[in-house]
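Got the viewer open and a selection box ready? Let's walk through this one stop at a time, picking a few residues and looking at what surrounds them.

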Amino acid sequence: MKKRLFIILLGIFSAFTTFAQETIVKGSVLDATTGKPIPDVTITIEETSQIATTNVNGEFQFTAILPLGEQVLKIEKIGYVTKRYPIVINEGKTVDISGMTLEFDNSDKKDSFIISISDDELNSEDDGLTDNISGLLQASRDVFLNAAAFDFSATFFRPRGLDNANGKVLINGIEMNKQFNGRPQWANWGGLNDVQRNREFTMGMSANDYIFGDLAGTNNIVMRASKYRKGGRVSFASANRSYQGRVMGSYSSGLLEGGWSYSILASRRYGNEGFVDGTLYDSNSFFASVEKRINDKHSLNFTGMYAQNRRGRSTAITEEVYNLKGRTYNPFWGEVDGTLRNSRVRKIEEPIIMLNHYWDISSKTRLNTNIAYQFGSIGNSRIDNNGTRLVTFNGQDTYIGGARNPTPEYYQNLPSYLLRDQNPTAYDYELAYLAQQEFINDGQLNWNDLYTANATVVAQGGNSTYIVQEDRNDDKQLSINTIFDTELSENIKLNATLSYRKLKSENYAVITDLLGGTGYLDIDAFAEEEAQDQVLATLAQSNLRNPNRIAREGDRYKYNYEIDADVVSGFVQAQFKYNKVDFYLGANISQTSYQRNGLYENGYFPNTINSNRANSFGKSEKLNFSNYGVKGGFTYKITGRHLIDVNASYFTKAPSIRNSFGNARQSNETVFGLESEKVQSIDVSYIFRSPIVKARLTSFYSGFKNGTDIGFFFTESSSGFFVQEIQTNIERRNIGAELGIEAQVTPTIKLKGAASVGQYIFTNNPNLYYTSADLQNRLTYGSGTTQLKNYRVAGGPERAFQLGFEYRDPNYWWIGATANQFSNAYVDVSALKRSDAFTMDTDLIDENLFSQGGNISGSPFNDYDPNVARQLLKQEQFEDYMLVNIVGGKSWKIKDYFVGFFAAINNVFNKEYRTGGFEQSRRVDYRSQITEQSNNAGPIFGNRYFYGNGTTYYLNLYVRF
């Protein structure tokens with residue numbers, strides 16, 4: 001009996017001894033300013049799978065099997081400055097680090113960037129500038145990606161050579177990328193800065209809890225009422241980059257009694273112009289989110305946002321125009337009665353509403369179901385100068401009217417055109433000088449001339465010659481998805497998503513201003529009679545079912561069609577986390593369909609049985625794309641400080657709506673040879689993290705096949721047509737390396753550096769053909785390809801380097817500066833110029849052959865010199881440049897209020913540089929190019945360039961409570 005009692009007591013003692021020797025890490029986190037506990041702070045033992053979250057008292061505790069020895073705790077929460085604490089864990093001991101503090105992040109650096117990225121997409125007249133990827137990277141804490149987001153973005157630098165169609169933006173788990181071009185429309189949530197701070201960024205193709213993802217990463221913006229920090233904020237900003245002023249106010253309730261929480265925001269941004277002349281800014285934004293925690297397992301959240309934006313646009317200019325007017329020149333504006341008016345205005349009004357259900361099935365299993373609806377319009381205005389009137393002579397209809405392009409930088413207004421002859425006369429020089437002086441002294445759109453011209457025609461019984469039209473996209477999109485997340489064990493996590501998106505897009509032109517006229521004859525003034533059975537009165541009609549219609553303000557005209565699109569997708573992923581290695585495997589499948597429905601019957605594309613062309617009225621063939629993808633990766637932890645990270649993927653992507661129809665404004669014709677793009681990628685990273693230094697060195701490779709691209713322009717080659725240039729079977733390769741490093745050399749001073757070196761090239765000669773209303777069939781030259789192999793893919797500098805520092809004073813002020821060097825940026829080359837059309841002497845070919853289409857083959861120029869041609873076809877490389885940026889801020893606590901400011905100065909030394917550009921394709925054959933390059937006053941159709949901003953500032957004053 002005594003022996004049995006002794007054994008029991010020994011067992012109890014052993015149990016207590018074992019409990020006493022359990023290894024524990026615990027502590028608490030407080031607000032550095034208020035001293036109050038901070039809930040929902042994420043604490044991570046770096047380079048392990050150990051993660052804890054603070055409770056309502058700001059306390060946390062790790063109780064699982066913990067790594068021993070020197071470790072680093074990372075303390076982070078959105079809205080606060082992340083901190084890292086070195087600790088030593090000994091077996092059987094307790095590490096208690098209560099009272100750790102986090103400082104509220106008052107820098108507002110992301111706030112200013114959220115503004116600028118949406119503004120860049122609104123500003124340019126060329127949609128190619130809207131592909132800046134940097135907005136995806138704001139939520140990243142990676143050193144290199146922070147540099148790419150905040151300091152490299154002004155140059156339209158693309159990390160790894162990728163644009164934002166290669167990344168995904170989600171709001172509350174719902175994808176926001178547009179189906180038209182695959183890109184997020186940043187302006188849809190522009191001006192909502194205070195409620196965009198809760199972001200979850202996944203780099204590249206690494207494991208993502210919501211979606212399969214894409215090469216440029218995934219950014220999920222969490223707009224859930226219960227996730228916002230309780231309190232309010234009022235701010236005023238002044239700037240000179242895009243707008244001149246901004247007022248914003250927001251308030252979040254936190255969790256209230258009864259399980260309710262809400263968040264609201266309102267803001268206004270305004271300005272007569274930004275850094276570029278005539279770029280007006282007028283925007284109002286509103287946001288509301290309400291959440292009800294039904295019980296411990298269920299929550300229901302409603303979010304609604306409305307971000308109306310009206311923005312004057314600018315355009316790329318030639319070097320000739322730049323030399324005469326400078327980088328701020330914008331030809332789209334002029335004065336009307338002393339008021340600035342821009343002819344190219346982009347308007348965006350696309351409200352978004354969504355309902356989110358969160359179900360915690362158990363402590364380890366969650367199901368999130370979302371439904372969202374987006375509606376509204378995007379409009380882009382421009383002047384239509386082709387107004388005519390109908391005249392009947394001898395029983396035959398004809399059209400009289402039309403006018404020259406009114407833009408002041410029209411090529412016939414410039415000295416280069418007036419000095420185009422090989423031996424200009426004195427009179428030519430006189431005309432060129434007068435044109436030069438007129439352009440320098442004025443050079444803006446003359447609205448009064450347009451009103452006067454219309455008044456003259458109207459007095460004679462005619463219609464408006466000039467009007468302002470708006471190209472409209474009225475989208476209605478329904479999105480539904482359900483996201484499943486479960487922890488199968490301590491080491492294994494499973495994610496799965498099912499989603500469906502349905503889009504109905506109305507596309508049309510609408511008359512917004514008759515400029516003093518009474519109506520506009522809805523026909524194509526460029527129509528020409530092509531054959532006896534194709535009379536002009538038929539060809540010219542925008543809509544054969546309502547011929548010779550007089551359109552008024554508010555009427556649709558010119559083109560009118562719908563696009564229906566459906567996407568169904570499924571995604572599954574398993575994540576495995578162990579002491580030495582973490583790895584994941586993921587896969588997705590999707591089905592995409594597009595169909596055009598023409599509401600006008602275009603005169604060039606009638607619905608006739610014997611026509612060899614696509615029709616224009618009614619539904620097109622339905623395009624269907626089945627796609628799939630697989631990805632995988634691992635992180636091998638050599639030690640707690642040294643890691644190797646590898647990610648690889650292979651997937652296919654449906655072409656965008658934009659690249660699926662040859663010219664959807666005119667007909668149902670789909671792209672010939674259209675296929676899904678094939679993408680493969682791999683990246684390998686070495687990561688080092690110590691209490692002082694963080695660094696990442698990555699090498700990457702991405703390959704693209706079966707790409708498609710469509711361009712629209714007027715060319716003087718082949719008798720002069722407005723054409724659609726269609727490239728298919730495009731292959732590209734992106735390779736390079738990137739480095740990010742930062743060192744917390746003292747508690748207040750941080751040094752940082754970043755570098756990227758890449759090579760982004762075409763690896764084949766894509767197929768190339770042309771379509772046009774003036775062509776009976778597809779037109780190809782010679783081999784039917786464009787010789788792009790080994791040319792650079794344009795899109796920002798391939799090389800970028802940064803050195804910088806940041807100083808944070810204990811008295812709550814801070815300052816930082818960076819020097820950023822950029823090089824190896826290239827102009828976007830003309831595909832037509834590198835086709836067989838370049839070498840072909842088209843003067844020897846019957847003009848009728850061009851209008852018939854088909855393959856055009858001919859003799860090369862008899863004076864063709866390969867060495868000269870090589871110089872003419874060389875891709876232009878832009879000059880290197882360096883930009884210096886300075887940021888800083890200060891905050892004060894006054895009773896229960898926090899008052900502060902944030903300021904940034906970009907391009908401190910006012911460096912002039914080119915951010916991009918493209919070759920014009922108007923005159924591209926060998927002989928024409930020699931003439932262009934030898935012109936006395938420079939080329940008439942020279943390259944067009946986009947220029948970066950000079951010295952710009954951003955100042956934000958705020959009160960937080």
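Select residues 388–393 and 396–401: these are strands β23 and β24, which pair in the antiparallel sense over six bridges. Strands here are DSSP runs of E, at least two residues, and helices are runs of H or I, at least four residues, both numbered from the N terminus. Two strands pair if DSSP finds at least two bridges between them. Now click Thr388 and look across to β24, where Gly401 stands opposite. At the turn, two residues sit between the strands, and Asn394 takes a positive phi near 55°.

A word on what you're looking at: this is a predicted model, in which local features need pLDDT of at least 70 and side-chain atom pairs count only at pLDDT 80 or more, while totals for chains, interfaces and linings use all residues. Residues are numbered from 1 along each chain as its sequence is written, and side-chain values use heavy atoms, with hydrogens and water left out.

**Zoom out**

Show the whole chain as a cartoon and you get 11 helices and 47 strands. The C-alpha atoms fill a box of roughly 130 × 60 × 55 Å along the principal axes. How many of the 961 residues count as buried? The share is 56%, where buried means under 20% relative accessible area, exposed over 50% and partly exposed in between (1.4 Å probe, protein chains only). Contacts here are heavy atoms within 4.5 Å. Among contacts with a separation of 6 or more, 71% come from residues 24 or more positions apart.

**A four-stranded sheet**

Next, find the open sheet with strand order β9-β8-β11-β10, whose pairing is mixed. β9 (174–175) and β10 (199–202) are its edge strands, each pairing on one side only. Follow β10 to β11 (residues 218–221): these two run antiparallel, over four bridges. Phe201 stands opposite Asn219 in β11. As a reminder, strands of a sheet pair through backbone hydrogen bonds, either parallel or antiparallel.

**Helix α3**

Select residues 143–150. Is this helix enclosed or open? Seven of the eight residues of α3 are buried, so the helix is largely enclosed by the rest of the structure. The buried ones are Val143, Phe144, Leu145, Ala147, Ala148, Ala149 and Phe150. Show Asp142 too: it caps the N-terminal end of α3, with a side-chain oxygen 3.1 Å from the backbone nitrogen of Phe144. Keep Phe144 selected, as ring pairs link it with Phe152, Phe157, Phe822, Tyr881 and Tyr913 into a cluster.

**Aromatic pairs**

Across the whole structure there are 41 aromatic pairs. Rings of Phe, Tyr and Trp (its six-membered ring) pair if their centres lie within 6.5 Å; planes under 30 degrees apart are stacked, over 60 edge-to-face and the rest tilted. Tyr251 is in β13 (residues 245–252) and Tyr262 in β14 (residues 260–271), so the pair ties together parts 11 residues apart in sequence. Tyr251 is partly exposed at 28% relative accessible area, and Tyr262 is partly exposed at 32%. Then jump to Tyr770 and Tyr781, an edge-to-face pair at 6.2 Å with 75° between the planes. Tyr770 is buried at 3%, and Tyr781 counts as buried at 5%.

While rings are on display, pick Arg914: its charged end sits over the ring of Tyr945, 3.7 Å from the centre. A charge sits over a ring if NZ of Lys or CZ of Arg is within 6 Å of the ring centre and within 35 degrees of the ring normal. Lys325 does likewise over the face of Phe439, at 5.9 Å from the ring centre.

Select Ser285 in β15 (residues 281–293). Ser285 is buried, at 0% relative accessible area. What lies 2.7 Å from a polar atom of its side chain? That's the backbone oxygen of Gly190. Such a polar contact is a pair of N or O atoms within 3.5 Å; within protein, one must be able to donate a hydrogen and the other to accept it, and residues adjacent in sequence count only if both atoms are side-chain atoms. Beyond four places in sequence, Ser285 also contacts others, including Leu265, Arg269 and Tyr306.

Last stop: Tyr584 in β30 (residues 581–598), buried at 6%. Its side chain reaches the backbone oxygen of Met205 at 3.1 Å.
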